[in-house]
Amino acid sequence: MMRTREASQRKNTASKDGQWAAGDRTPLNPNEEMKSTGDPLRVRERIESMYSKWGFWSIPPGDLRGRFRWWGLYTQRRQGIDGGKTAILEPHQLDDEYFMLRIRSDGGQLSVAQAREIGLISEQFGRDTADVSDRQNIQLHWIRIEDVPEIFRRVEEVGLLVTEACGDVPRVILGSPVAGVAKDELIDPTPQINEIKERYIGSPEFSNLPRKFKTAFTGQPVPDILHEVQDVAFCAVEHPELGVGYDLWVGGGLSVNPFLGVRLGVFVKPEIAHEVWKGVVGIFRDHGYRRLRTRARLKFLVKAWGAEKFLQVLQDDYLGYELPKGPAPQEGSPGERGDHVGIHEQADGHWYVGVAPVAGRVSGTKMQAIADIAERVGSDRIRLTPLQKILVLDIDQEKVSDVVNGLRALELDSDPGEFHRNVIACTGIEYCKLAIVETKATAREVVKVLDDKFPTLDNPITVHVNGCPNSCARVQIADIGFKGQLVLDEESGEQVPGFQVHLGGRLGRGEDNDFGRKIRGHKVTQTGMPEYVERVTTHYLADRNGPDETFADWAFRADEELIK
């Protein structure tokens, strides 16, 4: 039988990766089909003029589970659905009639007025929910479609955005939470972050990428923005001839197929950082794989091309000029924290205080109280961190204790126990439709049990808890990472919520970077997780080669029996 030309074209297209630069514009999956019908950013008009007036059930699926993400909105999980049904039920069966709303805070920067307004919105519209994510966002829950236009108005009135907080777009830009105040800072990256935000966020030029795109900037000599797992990262360096600028990294990412980013070895002057960023995003837009969602991140393209080809395409096709070679950023030492928790002096003689909400969980009421504390001591700068921490900047020395005590009264401690300080958790089954396991409450239980068991732990042990096989909580780079899944309970013989375990992940150590070690066939139940962390920590303290050996180093050399 002879094929028609149209059928033949479809066959040829199906063998490609859906790269626009190759002339392949045929939508190859439902997400690409949805985006091909028009710029998803335009859904805001329908939210404000139609859906907010007609109610939840007026929203068609393509907007509800697709385009709404471009304005920071995800449907949240219907309450009472257990993890065993996550992969079985249809999307409409998992949907609740409420939304999670993600509010951008690029660079993690909030003013007192912004923090207070987020708190008020949470209290009025979100049942007092507010979580600090590890992307330096604030996430609210229980948002009704009827209230969304008013929330948008109030968020934007204080200078914040929900624009492209989710979706196949440039997401919130990570920035060093001590930008502009750190004593050892090489450069304040805030102007570069703001320039990118003002030029490109919300622009149709980049509102249809193959998938999400993650950016990070830091001016610290030792990067504090997990640059190795970002799509693009700009790390401060001092060039011997050209002065201070950025070292460029591309192609990092975690999830089911984790890759460490690659260093391109070039020096980026601050004044052209936005051009270089635009070029990298342009490569992703034009050459990124759009056929399969599972391969639609920049990391797969970088892996296929290699650093040399990527740089050549960037310079030849997107910049039109060569970038000079440059030095690499400083590497962190084993055990170096970089979370900015505690009391620290700023470059200008003021002080900042960093505190650790357990797994990023706060509330609208607490956000307002934090704003009040900052305002009382004359501060107008609050920062969120990539490790779910909160900082108050610009404190006079004689008022530091007022801030410390005020935050401690909110259960926000500047000198927390080691497990309290070092636990991170994603949203989990409480609200997330992808999750299989509870995370925030599980993380809190770890903190409660283990800080009592190990009150004088002399080496940090990071514990990251993720509710599904994705890695929003970065399980592969934690000392102890838990990836949610159903596991067999040996006592009952039934499938129960639990975790696959990753041990010994580390970043910031150059050639010594590595993802966590996995033990074949080893799983931990959700209820048994605190006991497991206690057991492994006990073995580490007994078996390590002195106090200088980090948990990550020990975990890679330890006998399997000690880490089961």
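Predicted model: local features only at pLDDT ≥ 70, side-chain atom pairs only at ≥ 80, totals over all residues.
Start at helix α12, residues 364-376. The helix has 13 residues. From its first C-alpha to its last it reaches 19 Å, close to the 18 Å expected at 1.5 Å a residue. Much of what follows concerns its buried residues. Gly-364, Lys-366, Met-367, Gln-368 and Ala-369 are among them. Strands β3 (109-110), β5 (138-143), β13 (382-384) and β14 (390-395) contribute to it. Helices α6 (112-125) and α13 (400-408) are also included in that cover. After α12 comes Gly-378, with a positive phi near 85°.

In soluble globular proteins, nonpolar side chains tend to be buried together. Take Ile-145 as a way in. Leaving out residues up to four places away in sequence, Ile-145 touches Ile-47, Tyr-51, Ser-52, Gly-55, Phe-56, Ile-59, Phe-68 and Phe-99.

Now turn to an open sheet of 5 strands. Its order is β15-β16-β17-β18-β19, and the pairing is mixed. Which strands stand at the edges? They are β15 (423-425) and β19 (517-525). Each has a single partner strand, so one side of each is left without a neighbour in the sheet. From one strand to the next the twist averages 30°. Look at the β15 edge. There β15 pairs with β16 (residues 463-466) in the parallel sense, over 3 bridges. Ala-425 stands opposite Val-465 in β16.

Two helices belong to this part of the picture. Helix α15 (residues 440-453) packs on the sheet and touches β15, β16 and β18 (495-503). The direction of α15 makes about 170° with that of β15. Helix α16 (residues 529-543) lies across β16, β17 (480-488), β18 and β19. Relative to β17, α16 runs at about 135°.

The loops around these strands deserve a look. Ile-477 sits in the loop between β16 and β17. At 9% relative accessibility, Ile-477 counts as buried, because the limit is under 20%. What does Ile-477 touch, not counting residues up to four places away in sequence? Its contacts are Leu-226, Leu-254, Gly-505, Arg-506, Leu-507 and Phe-515. Ile-477 and Arg-517 are 40 residues apart along the chain, and their C-alpha atoms are separated by 9.8 Å.

Asp-512 is in the loop between β18 and β19. With a relative accessible area of 30%, Asp-512 is partly exposed. Asp-512 touches Arg-506 and Asp-553, not counting residues up to four places away in sequence. The C-alpha atoms of Asp-512 and Asp-553 are separated by 9.9 Å, although the two residues are 41 apart along the chain.

Next, the backbone. Most residues other than glycine have a negative phi. Two residues are worth checking against that. Gln-136 has a positive phi near 65° and is not a glycine. Gln-136 lies in the loop between β4 (131-132) and β5, and it is buried at 0% relative accessibility. Ala-359 also has a positive phi, of about 55°. Ala-359 is found in the loop between β12 (351-355) and α12. At 1% relative accessibility, Ala-359 is buried.

Cys-166 is buried, with a relative accessible area of 0%. Cys-468 is in no disulfide either. For Cys-468 the nearest cysteine sulfur is that of Cys-432, 6.0 Å away. Cys-468 is buried too, with a relative accessible area of 7%.

Conventions
Residues numbered from 1 in each chain as written. Heavy atoms only, no water. Buried < 20%, exposed > 50% of the residue type's maximum accessible area, 1.4 Å probe, protein only. Disulfide = S-S within 2.5 Å. Helix = DSSP H or I, 4+ residues; strand = E, 2+ residues; numbered from the N terminus. Expected span 1.5 Å × (residues − 1). Contact = heavy atoms within 4.5 Å. Pairing = 2+ DSSP bridges. Axes fitted to C-alpha atoms, helices over the stretch in contact; angles between N-to-C directions.
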